[in-house]
Amino acid sequence: MTVKTSHPLIKFSAFKSKLFKLVFSSALFFSSSFNYACGIATSSLHAERIGCDVLLKGGNAFDAAIAVSLALGVSEPYGSGIGGGGFFLLKKHTDADFTFIDARETAPKNTNKIDYRKNQDYLKYGPLAIGTPGIPSALDHIFKNYSTFKINSLIYPSIELANHGFEIDNRFAKAIQRKKKYILSNKNIKKLFVDKNGDLLKKGDLFVQKDLSRSLRFFADHGFESFYDSALTNKLVKSIKVNGGIINHQDFKNYQIRLRKPIEFNINKSTINSANLPSSGGLILKQILKILESFSNSPKFKTEFNHLFIESMKLAYQDRAFFLGDPDFNDIDIDYLGSQEHISKKIKKINFDKVIDPEVYENQKTKNDSDTTHFSIIDARGNIVSATLSINTSFGALFVPEGTGIFMNNHLDDFSFENESNTYGLIGSHFNYLKPFKRPLSSMTPTVLEDDNSIIVIGTPGGSRIISMVAQYLSHYLFFPNLSLEKIINISHIHHQYYPNKVFLEKSFNEKSAQILLKKGHITKKLNYNWGSLQIVHYRKSDGKIFVINDPRTQKGRIF
Ligand code: DON
């Protein structure tokens, strides 16, 4: 572990004055009071405002993380919320090591009574698709172990936001449009999305969530743990049952987060901490970056970077497909899979001139049906939180238990089934087959890099493409030191996930570079959209400056 105890951010007062200078100078720049700078990056202006208020009132990064998680659930109900799961990578400024909170959903006990292959919709829409949520339990843990604020003050801003509502923005309106068919044909969800005339809500309309505000108030009165055994649980279970679901009260009572060791590794002089199983993120990120590192001194490294990056993704994602799943249900030798011995075998397969044939069929369409959320926080003391939260695809299972306002996840779709791929085109092995109480394999990759120059807190939504996006950003930081942060965030994304055998290119990907890949033998597919929403806090040690980077691909995109 190379994180020093004499952490540069511990110089609290000096840093604090810098932070406040930043707050005031940027307030002059931006007319909206939402746009003041603090060490929080999220895709939601509401969540960022609420989180920054907590920091300015003296709260720490963990207080802010609780407030931001709740506010994201309210303001982006298509992406995350208390009906979902996720992963928090965090470190107190006084700790040497990071902690990884696994708040991944678990499969309900009775999943073995359902033939999930009978109907495609079982895993995607409605109560059968729901895994027992982990977010309330994670917030409970963070609140009890890291927080300095009263629970009320962390929840209240989200109660207000849900109660009074907010204007639907472009992203939200697009998510509604994507799910239009299902929303309009489903009584349970339709009433939330139509106006008095029965028309679908659109950009600029007010989105009010009275039921959700009452559920959040329930937390304020009874604690986050009340989600799992209370009158609120009864409400959830009753509505799930009436609508044909299988999660019962015992599933809620049994739910427990897991505290795990993050994946930690070094590239050059940088130390990277990232998600461990049941997320594949950290291991695959490590393999990709280690493979690239092995070529980084070659004179051809820079000109052949795209080719090398594709080959390293192909080889790393192959392990995701074959060897990974819930570590509580499988004996997975994660140390070996991340070892130099194992990675060297992959490195030997790479040729500068010839493309590796992954020997997989390519009959798979990947869909752009997804929303999730990532936020990054560094506070003035040097406390760090990197968190990716999700209800899986847009609006999760599109099921909201009566009277709760809580959008439930559809994370059972992240399990693997023989000869089938999931929403993200991912295939998996028996390690990730559905079993009662098991956690589905994830790609969420909350990550923190630290070296002598910087601390970078990073992550993004994007399904299977999460890992490649984090790898692409960090590899440019690590191996192209002259690139500005603005350049790096704007580099067009490339993605290969072993299956299908295709290189996906963003719409903005340069045509000449695409031709070079084609000539080399890569099977490329340029999509008609760009993907991702990287949310990064970058602390520069030399002058104590914090850069908050919101991905320009999402409408709020900016760097300041
Ligand atoms: O856990 C996973 O890997 C996925 N359920 C995450 C979903 C996601 O990122 C959708 N995003 N845009």
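In the predicted model, Lys-91 is placed over the face of Phe-98, at a distance of 5.6 Å from the ring centre. A second contact of this kind involves Arg-465, whose charged end sits over the ring of Phe-504, 5.7 Å from its centre.

Contacts between aromatic rings were examined next. A pair of aromatic rings is described by the distance of the centres and the angle of the planes. In total, 29 aromatic pairs were counted. One of the pairs is that of Tyr-78 and Phe-395, which is edge-to-face because the ring planes stand at 80 degrees, with the centres 5.9 Å apart. This pair links distant parts of the chain, the two residues being 317 residues apart. Tyr-78 belongs to the loop between α3 (61–75) and β2 (85–91), whereas Phe-395 belongs to the loop between β10 (384–390) and β11 (447–450). Tyr-78 and Phe-395 are both buried. Together with Phe-166, Phe-172, Phe-193, Phe-207 and Phe-407, they form one aromatic cluster.

A search of the whole structure for disulfides returned 1. This bond joins Cys-38 to Cys-52, with an S to S distance of 2.0 Å. The link of Cys-38 and Cys-52 is left-handed, with -65 degrees about the S-S bond. Cys-38 is located in the loop between α1 (12–29) and β1 (40–41), and Cys-52 in helix α2 (residues 45–56), so that the pair, 14 residues apart, links distant parts of the chain. Cys-38 has a relative accessibility of 4% and therefore counts as buried. Cys-52 is likewise buried, with a relative accessible area of 1%.

Note on methods. Residues numbered from 1 in each chain as written. Predicted model: local features only at pLDDT ≥ 70, side-chain atom pairs only at ≥ 80, totals over all residues. Heavy atoms only, no water. Phe/Tyr/Trp six-rings, centres within 6.5 Å; stacked < 30°, edge-to-face > 60°. Helix = DSSP H or I, 4+ residues; strand = E, 2+ residues; numbered from the N terminus. Buried < 20%, exposed > 50% of the residue type's maximum accessible area, 1.4 Å probe, protein only. Lys NZ or Arg CZ within 6 Å of the ring centre and 35° of its normal. Disulfide = S-S within 2.5 Å.
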